[in-house]
Amino acid sequence: MVTYLAKLGELTLKGSNIKQFEKKLLQNARSYFKDNDEIKISLRAGRMYFAAEESHCAEIEFCLEHLVGITGWAKTLVVEKDIEAIKNAAYDLCVQAAKNGAKTFKCDSRRADKSFPLDSYAISRAAAARVHDEKLLAVDVHKPDVTVYIEVREKVFMYTDSQKGARGLPVGVSGHGLLLLSGGIDSPVAGWRMMRRGMKIDAVYFHSYPYTSDEAQKKVEDLAATISAYGVSVHLHIVGFTQAQMQIKKSSPESWSTLLLRMCMMSVANKIADRIGAQCIVTGESLGQVASQTIENMAVTEMMAAYPLIRPLVGMDKEEIIADAVRIGTYDTSILPYEDCCVLFSPKHPVLRADKDEAKKIYDAMQIEPLLEEAFEKREIKRFWDGREAPQA
């Protein structure tokens with residue numbers, strides 16, 4: 001039997017509301033394992049525990065790498081609350097660390113159970129004594145090669161390899177949003193950032209076959225699958241937009257085509273948000289990054305939104321966004337050379353500072369709403385969870 005310990009994040013600051021946050025975190029954690037009752041999960045005093053046979057380690061670690069709401073996690077040794085047992089376990093952990101090349105160490109203890117006779121400092125001293133006396137490793141309390149962590153709770157949990165968690169609030173405690181998901185770098189990061197604020201995310205993708213390829217759609221499906229591992233599940237609404245784009249091209253000034261396309265997308269997003277009960281629309285826009293993201297053009301897009309429009313990347317630069325994309329595993333997919341409909345239909349000289357009244361006049365003149373309603377009704381829906389596509393019901 002192996003045990004993993006996870007440290008809870010900012011949800012521990014929620015005061016009288018903490019129980020609902022803990023309940024959602026447990027629910028999300030259990031969703032990674034579906035009907036597998038061989039993995040036992042519990043939550044006590046700011047720690048979550050996963051216990052199972054060694055054969056389930058890969059499943060548990062996948063969960064812990066993606067579960068939003070924890071700050072860190074580790075595979076632990078579990079020993080009785082006895083100082084000799086602690087000393088022996090600390091020595092064994094340092095023996096393994098020495099085999100892996102460590103030269104220096106320190107012990108870091110936390111005594112959550114105040115009935116234990118030694119305080120945290122005394123526990124660390126006792127645990128380090130044999131390692132120091134036998135010159136297995138040298139003590140370095142500032143920059144050690146390995147730290148032996150000791151947590152005295154109902155039992156003693158000890159570990160050396162602590163991993164960072166996704167942090168944030170458990171997905172589902174902050175409402176439901178609809179993400180405009182393209183095949184680019186930005187929008188998957190925007191969805192992930194909202195998940196970390198506790199928001200359940202579903203997504204919509206606009207596909208213009210044959211102008212955008214099946215590979216372009218598969219690329220977006222892969223992005224939805226990747227971010228679903230952080231968000232418990234993601235429903236992806238795939239909207240055929242060819243006829244709408246042809247209507248824009250035929251009946252509007254070329255310089256307005258990208259902005260009008262964004263307005264049409266927002267109109268369909270409103271319909272989907274209404275159908276699924278979403279409370280806001282999320283985009284990957286970053287101020288000034290491209291022509292459609294000047295402050296004036298963003299105001300035109302927002303004019304079309306029937307729900308609050310959230311732009312979590314609005315103040316980030318491209319390097320910051322790319323770093324997040326690499327971190328969550330979407331970057332390599334996003335840079336595949338399959339372009340979405342926004343890129344393929346971009347005008348050479350797009351309007352940069354649109355007037356809202358003029359934009360609405362051009363939009364209304366296209367008489368495009370019947371096409372958008374048809375596209376909405378004919379959309380395809382795919383569900384992704386745990387990093388892969390779920391079987392269709």
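The following exercises, with worked solutions, concern a predicted model.

**Exercise 1.** Determine how helices α5 and α10 are oriented to each other, and which classes of residue form their contact.

*Solution.*
Step 1. Two packed helices are described by the angle between their axes and the distance between the axes.
Step 2. For α5 (residues 186-196) and α10 (residues 318-328), the axes come within 9 Å and cross at roughly 70°.
Step 3. Angles of 65 to 115 degrees count as roughly perpendicular; α5 and α10 are therefore roughly perpendicular to each other.
Step 4. On the α5 side, the contact comprises D186, P188, V189, W192, R193 and R196, which meet K318, I321, D324, A325, R327 and I328 of α10.
Step 5. By class, the residues of this contact are six nonpolar and six charged, with no polar ones.

**Exercise 2.** Characterise the largest cavity by its volume and its lining.

*Solution.*
Step 1. One cavity of 30 Å³ or more is present in the structure.
Step 2. The volume of the largest cavity is about 40 Å³.
Step 3. Its lining consists of S255, T258, L259, A291, S292, N297, P350 and V351.
Step 4. Four of the lining residues are nonpolar and four are polar, while none is charged.

**Exercise 3.** Describe the second largest pocket and identify the element that contributes the largest share of its lining.

*Solution.*
Step 1. The second largest pocket holds about 340 Å³ of space.
Step 2. It is lined by 20 residues, of which K75, L93, Q96, T160 and D161 are the closest to its centre.
Step 3. Two or more lining residues come from each of β1 (2-8), β4 (70-79), α3 (83-99) and β8 (156-159).
Step 4. Strand β4 gives the largest share, five residues.
Step 5. The lining comprises 11 nonpolar, six polar and three charged residues.

Notes: Residues are numbered from 1 along each chain as its sequence is written. This is a predicted model: local features need pLDDT of at least 70, side-chain atom pairs count only at pLDDT 80 or more; totals for chains, interfaces and linings use all residues. Side-chain values use heavy atoms; hydrogens and water are left out. Axes are lines fitted to C-alpha atoms, for helices over the stretch in contact, and angles run from 0 to 180 degrees between N-to-C directions. Helices (H or I, at least four residues) and strands (E, at least two) are DSSP runs, numbered from the N terminus. Angles under 35 degrees count as roughly parallel, over 145 as roughly antiparallel, 65 to 115 as roughly perpendicular and the rest as oblique. Contact means heavy atoms within 4.5 Å. Ala, Val, Leu, Ile, Met, Phe, Trp, Tyr, Cys and Pro count as nonpolar, Asp, Glu, Lys and Arg as charged, and the others, Gly among them, as polar. On a 1 Å grid over the protein atoms alone, a cavity is a set of points where a 1.4 Å probe fits but cannot get out, and a pocket is an open set with protein on both sides within 12 Å along at least five of seven lines; lining residues have an atom within 4 Å of a point. Grid points are joined across faces, edges and corners, and a volume is the space filled by probe spheres set on the points.
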